[in-house]
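This briefing sets out selected features of one protein model for computational work. Please consult the sequence and coordinates alongside the points that follow.

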Amino acid sequence: QEIGHWQRLLELDLEPVDFAAPTILIELTVSAFEPLRARNGALPLSSDRPSEDVQAAATQLLLSRLRARLGRESVKALRLHADHRPERAMQLSDPEWVTAASRVGLSPWRELALPESAPLILQRPLWLLREPKPFSELFSETKQPVLCHGPERIETGWWDGAEVCRDYYMARVVDGRRAWVFRERTGTAPHWYVHGFFG
């Protein structure tokens, strides 16, 4: 329907291709058609913010370009999962599911509005390490994290054999960054672990 959009995607797709000879023709074969879902547009009289349809079209265009440039498997979105364990609370998902869910009010990006007095311990970093690492591996063994807020206690997972009993804190580390650190509540040696960083 939009020739300009197809042309930009083809340029991105074919940019890394090394043709054996000059090419003057490309044939497009379509195996299945989808019906055109036309919608009424909204007149932007009351706000400078674009309509939801315009935002959805822009998001789809961005996803198409990123996939053409980086490869389909390289473009993922974050999706919330009902689990208190931080390493399982967010999962990589297909962006198509995320954008479709947001249109019906199930967006995993939706955030609850917290009052200004809400403690900072409710914040979670988006940058989580694949596996929590001992604090001494990332920073000098003589340094300790400077705790700013906490603790946030997480005790869960006893039913599936992956139980965690941790006290999480927001802390300032050696280089001034804010990290999400915890100590295991079980075991004899209360070592500090780094689980993520705040932007």
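## Strand pairing, cores and selected residues

Glutamate 155 has cysteine 165 of β5 standing opposite. The model is predicted. The points below cover the sheet, its nonpolar cores, the cysteines and one arginine.

**Sheet**

- An open sheet is built from five strands, in the order β3-β7-β6-β5-β4, and their pairing is antiparallel.
- The edge positions belong to β3 (127–134) and β4 (146–156); each has a single partner strand, so one side of each is left without a neighbour in the sheet.
- On average, and with direction ignored, neighbouring strands of this sheet are turned by 25 degrees against each other.
- β4 and β5 (residues 164–172) run antiparallel and are joined by eight bridges.
- In general, the strands of a sheet pair through backbone hydrogen bonds, in either a parallel or an antiparallel manner.

**Nonpolar cores**

- The largest nonpolar core has eleven residues in all: Leu129, Phe135, Phe139, Tyr169, Ala171, Val173, Ala179, Val181, Trp192, Val194 and Phe197.
- Two or more residues of this core come from each of β5, β6 (178–184) and β7 (192–197).
- With three residues, β7 gives the most to this core.
- Beyond residues up to four places away in sequence, alanine 179 touches Tyr169, Met170, Ala171, Val173, Val194, Gly196, Phe197 and Phe198.
- A second, separate core contains seven residues, among them Ile154, Tyr168, Met170 and Trp180.

**Cysteines**

- Cysteine 165 counts as buried because its relative accessibility is 9%, under the 20% limit.
- Cysteine 148 has 34% relative accessibility and therefore counts as partly exposed, a class that lies between 20% and 50%.
- Zero disulfides are found when the whole structure is searched.
- A disulfide is, in general, a covalent bond that links the sulfur atoms of two cysteines.

**Arginine 67**

- Helix α2 (residues 52–70) contains arginine 67.
- Is arginine 67 buried or exposed? Arginine 67 counts as buried because its relative accessibility is 12%, and the limit for this class is under 20%.
- With neighbours within four places in sequence left aside, the contacts of arginine 67 are Arg72, Val75, Asp94, Pro95 and Glu96.

Terms used: Residues numbered from 1 in each chain as written. Predicted model: local features only at pLDDT ≥ 70, side-chain atom pairs only at ≥ 80, totals over all residues. Heavy atoms only, no water. Helix = DSSP H or I, 4+ residues; strand = E, 2+ residues; numbered from the N terminus. Buried < 20%, exposed > 50% of the residue type's maximum accessible area, 1.4 Å probe, protein only. Contact = heavy atoms within 4.5 Å. Pairing = 2+ DSSP bridges. Axes fitted to C-alpha atoms, helices over the stretch in contact; angles between N-to-C directions. Core = buried A, V, L, I, M, F, W, Y, C linked by side-chain atoms within 4.5 Å. Disulfide = S-S within 2.5 Å.
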